[in-house]
Amino acid sequence: SFVFQEPLLFKGSVFDNLSLPLRIRHFRADKIKKRVKEVLNLFKIEYLIRRKAVTLSVGEARRLILARSLISEPELLILDEPFSSLDPVYKEGLLSDLNTIIRKNNISTIFVTQDRTEAMHFADRVAVLIKGRLLQVGSAYEVFNNPHNEAVAKFIGQEAQKTGK
């Protein structure tokens, strides 16, 4: 499943948006209703089920998009800067909720971000890509505390003299 940087909402209600991946796969109506309720509960947006998707706030839309990406229980989740336009307080709560859901359900995730706080909070492993070149891969602690070169150090906000190699 892939989550774009900007929420992509379909016409209709929150229920319609969430149920679409399951309807495409020809799930039975009772199973769709059950799964939609489960996912709404996971993301704490049960109260939105009948709202029109286009009327949602930015934060509500993010939760809906993330819920839709997980409704079909993907093996791999790809997130392209999913929190870029959220205020810091709301982002912190959503990051924590999503991290819990992903770890609890053991979903492999590729999380694209330029925000080091998000990377440190979320990642088991970090890869630094600059101009299409993979410059360093390692644990979040290793990458942020021992950048391999000046380019990685600059990218993560460290001073050049702190590079490890």
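Trainee: In which sense do β1 and strand β2 pair, and over how many bridges?
Mentor: β1 and β2 (residues 76-80) pair in the parallel sense over two bridges; two strands pair if DSSP finds at least two bridges between them. Helices (H or I, at least four residues) and strands (E, at least two) are DSSP runs, numbered from the N terminus.

Trainee: And what are we looking at here?
Mentor: This is a predicted model, in which local features need pLDDT of at least 70 and side-chain atom pairs count only at pLDDT 80 or more, while totals for chains, interfaces and linings use all residues. Residues are numbered from 1 along each chain as its sequence is written, and side-chain values use heavy atoms, with hydrogens and water left out.

Trainee: Back to β2: which residue there is the bridge partner of Phe2?
Mentor: Phe2 has Ile78 as its bridge partner in β2.

Trainee: In what order do the three strands form the sheet?
Mentor: The order is β1-β2-β3, in an open sheet with parallel pairing. β1 (2-3) and β3 (108-112) are the edge strands, each pairing on one side only.

Trainee: Changing topic, at what angle do α1 and α2 pack?
Mentor: Helix α1 (residues 14-24) packs against α2 at about 120°, and their axes are 10 Å apart. Axes are lines fitted to C-alpha atoms, for helices over the stretch in contact, and angles run from 0 to 180 degrees between N-to-C directions. The two helices are therefore oblique to each other; under 35 degrees counts as roughly parallel, over 145 as roughly antiparallel, 65 to 115 as roughly perpendicular and the rest as oblique.

Trainee: Which residues of α1 and α2 meet?
Mentor: Val14, Phe15, Leu18, Ser19, Leu22 and Arg23 in α1 meet Ile32, Lys33, Arg35, Val36, Val39 and Leu40 in α2, where contact means heavy atoms within 4.5 Å.

Trainee: Is Arg35 buried or exposed?
Mentor: Arg35, in helix α2 (residues 29-42), counts as buried because its relative accessibility is 15%. Buried means under 20% relative accessible area, exposed over 50%, partly exposed in between (1.4 Å probe, protein chains only).

Trainee: What is Arg35 in contact with, leaving aside neighbours within four places in sequence?
Mentor: Arg35 is in contact with Leu22, Leu70, Ile71 and Glu73. A polar atom of the Arg35 side chain lies 3.0 Å from the backbone oxygen of Leu70.

Trainee: Now Ala140: where is that found?
Mentor: Ala140 is in helix α6 (residues 140-145). Ala140 is also buried, at 10% relative accessible area.

Trainee: What does Ala140 touch, not counting residues up to four places away in sequence?
Mentor: Ala140 touches Met120, Ala123, Asp124 and Val126. Ala119 is 21 residues from Ala140 in sequence, with 7.3 Å between them in space, C-alpha to C-alpha.

Definitions and conventions:
Polar contact = N/O pair within 3.5 Å; in protein donor to acceptor, adjacent residues only side chain to side chain.
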